[in-house]
Amino acid sequence: MVFGDPFTAQLLALASRVARTEVTVLIGGPSGTGKEVLARVIHQHSLRQQGPFVAFNCACLPESMVEDLLFGHEKGAFTGAVQRFEGYFAQADGGTLFLDEVGELPMSVQAKLLRVLQEREFTPLGSTQPQKTKFRLLAATNRNLKADVQAGRFREDLYYRLNIFPLQMRPLKQRPGDILPLARALIERHRYISGDLQLDTSAIAALHAYDWPGNVRELENVIQRAMVVADGPMLTAIHLGLDASLPQEFRAPSMGLSVSDFMQGYRSSAMAFDIKNDAPLATDDTSRTEPSLADRRVMQEAELILATLKAVPTKTLAAARLGISERTLRYKLARLREHGLMAAGL
């Protein structure tokens, strides 16, 4: 499990402790936050790690199909049952059964699941012989099950059977330390798309500025899309397509430097400097009214540095948020001051 945020580190420490027991775990949190990933971590660190990990999503299936998949059926149990099927209760024997979106289970199936958990046996559809099973149950939900119990949508007895050891996943925007490690891990996972790519400072700032309503699932989609459109070894904020999440105007703490002010100052400089690659940019055609793609990239990176300095109290934190060393940040600031794009006191 990839992480970098203190909250996630603490959550994994709790998960590691409960993994060594047989206690049922209920993982809560919004969709796309990585609840199944956490469940797999618990299984991999449990005494059942050599057994199967069987995952089942309880949502969006008719009641009859849910019951069939969990309990299994004998040949001829119903029309279309041309052969025997071992349900997930049987498949998970000796291992871990993970029920995702357990709050979506129909009420009748909830009652049958409760009996399986109590008696550790079940009867497949079309059979009269109960079967024993020994699995460790992990469940996850994006619903407030306690509220569902009060509203009569979820069985109270099953809720207390599941909620022995709750773990709560936070939305991605509430664990910002995970964003950059996850993004880099996703780039590595999908390197088949366009090879090895790196995130530049504008991309890092854009990733941190975005709210991520779709959580890690959305982050993966954004990274894959950016890797498809990338035209070089670096992923920028433009490739990520998250520009709308950035402020429209960046202002340095001691000077009212807006985007338009910055562009004007940049265009009037005798020589512009590429703050990412520490190299001068050719500015032979200073008469052109529209900046080139390279110019826009330089301007955007400088704007992001100014915005980051405004958002955090120290240069140390600013450097960390930008993903560069403090020494590199000081050097870049010196270059901006040299070309009149930043107040001397910054």
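## Strand E8 and its partners

In this predicted model, E5 and E8 pair in the parallel sense over four bridges; two strands count as paired if DSSP finds at least two bridges between them. Helices (H or I, at least four residues) and strands (E, at least two) are DSSP runs, numbered from the N terminus. Leu97 has Leu137 of E8 as its bridge partner.

How many of the six residues of E8 are buried? Six of the six are, so the strand is largely enclosed by the rest of the structure. Buried means under 20% relative accessible area, exposed over 50%, and partly exposed in between (1.4 Å probe, protein chains only). Arg136, Leu138 and Ala140 lie on one side of E8, with Leu137, Ala139 and Thr141 on the other, and all are buried. In a regular strand the side chains alternate between the two faces of the sheet.

## Two nonpolar cores

A nonpolar core is a set of buried Ala, Val, Leu, Ile, Met, Phe, Trp, Tyr and Cys residues joined through side-chain atoms within 4.5 Å. The largest one here has 31 residues, and those with the most contacts inside it are Leu70, Phe89, Leu97 and Leu99. Among the elements giving two or more residues to this core are strand E5 (96–100), helix H5 (107–119) and strand E8 (136–141). H5 provides the largest share, five residues.

Leaving out residues up to four places away in sequence, Leu70 touches Phe56, Gly87, Tyr88, Phe89, Leu99 and Val109; contact means heavy atoms within 4.5 Å. A second, separate core of 25 residues includes Leu180, Val216, Ile223 and Leu240.

## Thr33 in its loop

Thr33 sits in the loop between E1 and helix H2 (35–44). It counts as buried because its relative accessibility is 2%. A polar atom of the Thr33 side chain lies 2.8 Å from the backbone oxygen of Pro30. Beyond four places in sequence, Thr33 touches Met169, Arg170, Pro171, Arg175, Asn215 and Val216.

## Notes on the model

Residues are numbered from 1 along each chain as its sequence is written, and side-chain values use heavy atoms, with hydrogens and water left out. Because the model is predicted, local features need pLDDT of at least 70 and side-chain atom pairs count only at pLDDT 80 or more, while totals for chains, interfaces and linings use all residues.

Note on methods. A polar contact is a pair of N or O atoms within 3.5 Å; within protein, one must be able to donate a hydrogen and the other to accept it, and residues adjacent in sequence count only if both atoms are side-chain atoms.
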